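Good morning, colleagues. I would like to take you through a helix packing, a strand pairing and a chain contact. Please look at the structure now.

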Amino acid sequence: MAETVLETSSLTMRFGGVTACDNVDFKLQARELRCLIGPNGAGKSTFFKCVTGLLSPTEGNVYMRGDEVTGWQPHQIASLGVGIKTQTPNVMDSLTVSENIWLAARRFHSVIDSNAKVAEVIDRLALGSIAKTDLGQLAHGERQRVELGLVTVGDPWLVLLDEPAAGMSAKDVERMTVIIEELLTRSAVIIVEHDMQFIRSIARDVTVFHQGAVLMEDHVDAVMSDQTVRNVYLGKKA
Amino acid sequence: MDLSFVILVEMLYAVATLVLISAGLAVVFGMMKVINLAHGEFMMMGGYATITAVNFGVNIFVAMLIIAPIAVGLIGLLVERLVIRHLYGRLIDTMLATWGLSLLFVGLATMIFGNTTTGISTPIPGFTVGNYQVNGYNFFIIVISIMLIAGMLAVLKGTRAGLIARGTMQRSDMASALGYSPDRIYMATFFCGSALSGLAGAVLAPLVGLVPTSGVAYIAKAFITVVAGGPALIAGLISSAASFGIINQVFAFAVSPVIGDVALFVTAIVLLRLMPQGITSRFFKGKL
Amino acid sequence: MSLNRRNLLKSTAALSAAAMMPKVLMADGHGPIKLGSVLDTSGGFDAYGRPMDMAMRLAVEEINTGGGLLGREVEVVAYDTQSDMALYTQYAQRLTRQDQVDVVHGGILSASREAIRQTLRRSETLYFYNVLYEGGVCDRNIFINGVTPAQQVEALVPHAMANSGPRVYVIAADYNYGHNTAGWIRHYVEANGGEIVGIDFLPLDVNDFGSTIASIQTASPDLVIAPLVGGAHLSFFRQWAASGMKDRIPLASTTMGVGNEHKVLTPEEGDGIMVAYNYSQELDTPNNTSFKERWTAAYGNTDDIHEIAVSNYQGVVTWAEAVRQAGSIDRMAIIEALETGLSIEGPAGTVTVDPQTHHAILDVHLMEIRDQGMQVIETLPQRQPVDVQAVCDLGANPDDNTQYEIEI
Amino acid sequence: MQGSAGKDYLTIIVFGAALIWLLPMVENTYTLTILIIYGMLGLSLGLIWGFGGILCFGQGAFFGLGAYTYAIAAINFGESTVPMLLAVIIPAIFAAILGAMMFYGRLTEVYLGVITLVVTLILFKFINSTAGPQYVIGDARLGGYNGIPGFQTLNVPGDPGAYLWGDSYYYVCAVALLLVYLLVTWLLRSSFGRIALGIRENETRISLMGYDVAARKTVLFAIGAAIAGLAGALFASWGEIVTPTLFSMAQSAEIIIWCIVGGLGTRFGPILGAAGLAYMKFLLGQQSLVDNTLITGLILVLFVLFLPKGIVPALARFYRAVLGNGSPGKRKNTHRIRRATNG
C-alpha cells in the first residue's frame, strides 16, 4: 500500500456567486500519475491553483504527506518538495537556460551542488546546445521543456503540471511523454490537460471534472467509453 | 446647528473637489491604462488659460467652462500625438514620460507667465447661514462636479461613442475587433481627459493663487484617488473621492488641515493594503 | 503682470555692458572688488529672488557709474540657486574658495541663510542677509537689514487693534518665521490689553482654507492677523473675501505684499488689509521717487520692486558706504566701520546699522492696502530691533554664533 | 565564473582609485563630493529597481530619513560615528517594515508606486509641520520647514575635534561609494542577487520554485534604503543643514530620472546619471536663458522616447557592435541590462 502524498477534503472555491470548485475529495498515491480532464470552466484549473497555493480555498482542506497545507503560499508548498508548472509558460525570459535551472536548483542545494545539478539536468533534458541562450529567444516547445527542467531539478516527490503539452509539436509531445515516464520513477504526477491524444498516450487513471465537482474517477479507457463523460465532455468537444 | 451645516458643505465641497481634480486622470487611466503624471500641469494650464482669457475681456464663465477645456484638450492632443502614442502598453514608461512633460510644462509656464502668483477673484458672492459666512463658490464647484458625473454617465450609457468606450475599457482589443481604429479612440480619449483636467484647473483657479508649480499639489491626490478607486470608472471615482474627502474634512475640522491631509494619505495606504486592486475591485463590481 | 523675460535680458545685457566700461578706466593693478550673490532667480521662490537680483545689479551699476569703490570697479559674481537648498552650500563654497569674493549678499529663506552662514563665517567672508525674517541671528560676520517681527508687530498690533477690537485670531505659516511672529503678536496683543482667541499654524502648501475660515467664525474675533507666506497662502485672502468675511472682520498681516502679492489680489479682495513694512512703492519721498525713476530707466517699469528687493538694494549701498569709510576691503575694517553705527539714505528712508546686533534701525510704515497699492498711514521713524537686542550683544560677545529662539 | 570574480573586483578597485585620483584635477572637491553622494543615492535606487524590479517613487524618503537621523543623532551625541551607523540602520528598518507590508500584501507596479509616493508625502508633510518647540528629539529641534542646521559634521571616529572636511571629506565619500559599489557587485554575484534578478524577471516562477519572494524583496528594499540612508548622512555632513526638501517629490523624481538616463540594470549607469545630471544642474545655475526645470523635463521625455535603456547600456551596445567579439564572458554582463518594468 503506497503512501498518500496529496489529499483534499471538501475543497470548495467560490468567486462571488460562482462556485468554481465544489466539495472536491481527492487522493493521490506516491508515484501515481493522474490526469485531470474536463471541459472549459469545469474547475480543474481552479482545483490546481488551490492545491498549489496560487489561490486560497473558500472551504475545505489540503493535505500533503499527511500535513495540512490549506492556504499556504506557493513558495511554502514548493519548499516541501513539490514541483509546479503553471498553464502559461512561467520562465525568466532574459536569463539563459542554465541560469534558469540554476535558480531552481539553488533552492534545494548549495552553490557547488547547484552547478553540478544544472549540468545533470541539461544533460538529462538534452538542452546542451541551447544552455547559454536566453530563454526569450527559444521556441515554445523548448521553453516548455526548460520549464519542466525547472520543475524537476529539486527532485520533487510530487509534480503538478498544468497543460504541459499545449502548443507543442508531435515530436515535442513525444519527448515530453518520455520525460514524464521517467519522472514517475521518483514522483507522483498530476497533469491537467486538454489534449486527449496526449492523455491516451500516458494516462492510467483519470479524474473528470464537471461544473466544479468530480464527475468520475477511473482508468482512462473506462472513462473514454463512459456515456456520461462523452456527453459532457467529448460530445461537446466533437 | 449652523456649524454642522457649514461642515456638511465643506465636506461635500471636499468630495466634489476630489472628483473634479481626478476626473481627467480617471478617464485616461480607465480607458487607456495610462497614468498621466502631467495631469496637474494640465490643470495649471487650464487655470492660466482662464486667467488669460479673462484678461482679454472674456466672460469668466465662458473662459472657465469653454475656453480652458478646449485649449488644454488641444494641448493634450498634441502631447498624445507626439509622445504618448509611442508608449502605449508601457505603463511605467508613460508615467515617466508624462512626468518629464510635467516638468517641461512647469518650465514653459515659468518662462511665459513668470513665477509670480496670479489669479482671478471668485465670480459668486458668499452668503450667510446663521452666524456663519459660507463661500458661495463652494456650491458652484459641487454643482459642477455633479454635472460632470451626470455628463459622463450620459455619454457612456447613452451614446455610441460611450458604448465603444465601455467596450474598450473592458477589453482593449474589442474596439479594433469591431472595426474601430484604436488610434482614433485613444486620441479622442486623451483629448477628453485633458479637457477635463483643463476644466478642473479652470474652475479651481478663482479659489487658489496660481503659479506654474500649482499642478504638483493636485497630482498626488488625483493619482491616489484614481488608483484607490480601481477599475470601475465612475463608481471608483465617486467611492474613493467620497471616502478620502470625508475623512480629510473630519480630521481637518477636528484637528488641523495638515492632519486632514495625513489622514487622507494613511487611509489610502490602508485601502490599498486591504484592496490591492482598488475599491471597485471588491465592491461595485462590473459597474461603470 | 508677469515679468517680461526679454526686457529683463535686454536690460541685464545693458547693465553688464555699462559695467564693462569703467573696467578699462579703472585698471590700477588691483582688479575689481568682487561682490558675490546667491539668490533663487528660478524655481519656486524666484518671485522674491529675481527682483532682489535686479536691485543688487542696479545698486552695483550705480556704484560703478559713480567711479567704483576705492577707485576700483565692483564686479558681480552671481549664482542662481534654483530654490534648492543644496545649491546654496555648493555655490557658497564656490564663491569663497574659487571666486574668492570680498562680500556675499544673498539668501532668501531662513533655511538658505543658515545653509551658508557657517561656511561664510569660517572662510571669513563678510555676509549681508537683506530680508525680513524671524529674528535672533547673532553673529559678527553677518549684517541683516530686514525688519524683525518686533519692529513690525510692535507697530502693527496697536494700530490694528485700535481699528477693530481686542479679541485677536492668528493664522500663521507653520515654520520658524510664523511661530516666532505669532509669539510676538501674542506678546503685543496682551501688552495692549487684548486677548488671543485662537492660533492656527498652516504649512506652506495648504491652499484650501475652508475649515480654517469656519474655525475663525466660530471664535468670532474682532481682528485676524495673518503672517502667511507664499503662493498657496495667498488663497486665504481670496477665499476670505469670497466667503464674505472681509466686510465682517478686519485683517492684518506681516507678510502680505512682501513679494507684491497685493498686486495679484483685486481691490475688492485686498483693500483694507493692514500691514507694516519698511518700504512701499507708494512712499512719497524724494528718495523713493528718484529710486523708481532709476529702476524704470534700467528695467522699463516699476512692477517688480518690492520690500526685499529694496532691502537688498539698501544692503549693497550700506556695504559700499562702509567700504568707503573703511578705505579698505579688509573684512574686519569694514565690520568696524559698520559698527560705528553707520547709516545710509535708501528708498525706504534712513537705515542705520545697530552695532549691538548687526541688525538695522529703520523706519516702519503703517499701511493699508488700497487699489493694489500700499498707502502709508503713519510712519514710525527709526525703530530698534528690540527682539534681537534682548538676546544678542555682539559688543560684549563678539564670538557669539547662534540663532536665538526669542523667549517671549 | 568564479575565477573571474576576483579579477572583476580588482578592475573595479583600480578604475575607482584612478577616478578618485583624477577627478579633483577637473573640478573642485567640494562639488565632486556632492556628485559622489548623489551617485550613491542613484545606485541605491538602481539596485532595487534595476535588479529587483521594485520601482520606488519614494527613494528620497530614505535619503531624507538618513540625513535627519544623522543630524538628530549628531546633535545628541556630539560625535559622528554612532549617528552614521544609525543613519544606515534606521532607514533600513523603516524600509523593512514598509516593504514587508507592501510585498506580503502582494502589491505590484502602480500600487507599489502609489504607496511609496504616499509615504514620502506623509513624511514630507510631517517634517514640514514640526516648526513648533514641542517637536524635539533629545536636544535636537526638528525645525519644520527651516530644517536643522548646526550639527556635528563627520569626524575621525573617536575624536570629535578632528573634522573630516574639504579634500579629506571628498576622499571619505569617494571611498565609501567604492565600497558600496563593491558590496553591490558582490551582492549581485551571490545567490541572493541572482535570485533577486530572477524575481525581477518572473516573480511567480521564483515563488513556485519555493523561494519566499516577499521576504527577499523586503530584504533587497531594506538594503537599498540603507545605502540611501548612508548617502543621506554623508549629504547632511556635507551640507551642514538638513531641510524637508530632502523628502520632497522633486527629490525622489530626480533619483528616478538619474536611473533612467544612466541606465537601469547596470551598476554604473545610475551613478553616472546622478553625477552627470546633478553637475548639469549646477552648471545651468550659472545661466538664466532657459528655465532649468524645462531642460530636466525635456531630457526625461527624450530619454524615455529614444533611449529608454539609458546611456550606459547604449554605450555598452555600441562598444560591442564596434569591438565586441560576443564571447560568453562578455555577454554574461549584457543580459543584466534589460529593463524589467516594461509591459
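Helix H5(C) passes helix H6(C) in a right-handed crossing, meaning that the near helix is turned clockwise from the far one by less than a right angle. Helices here are DSSP runs of H or I with at least four residues, strands are runs of E with at least two, and both are numbered from the N terminus. This is a predicted model, in which local features need pLDDT of at least 70 and side-chain atom pairs count only at pLDDT 80 or more, while totals for chains, interfaces and linings use all residues. Residues are numbered from 1 along each chain as its sequence is written, and chains are lettered from A and ligands numbered from 1 in the order in which they are written.

The axes of H5(C), residues 149–162, and H6(C), residues 176–191, come within 9 Å and cross at roughly 45 degrees; they are lines fitted to C-alpha atoms over the stretch in contact, with angles from 0 to 180 degrees between N-to-C directions.

Residues are in contact if their C-beta atoms, placed from the backbone, lie within 7 Å. On the H5(C) side, C:Val153 and C:Val157 are among those that meet H6(C) residues including C:Trp184 and C:Ile185.

H6(C) also belongs, with strands E7(C) and E8(C), to a right-handed β-α-β unit: with the strands pointing away from the viewer, the path from the first strand over the helix to the second runs clockwise. E7(C), residues 167–173, and E8(C), residues 195–202, pair in the parallel sense over 7 bridges; pairing requires at least two DSSP bridges. C:Val170 has C:Ile199 as its bridge partner in E8(C).

Finally, chains D and B each give 35 residues to their contact. On the chain D side, H5(D) supplies the largest share, 11 residues.

Methods. Two residues are in contact if their C-beta atoms, placed from the backbone, lie within 7 Å.
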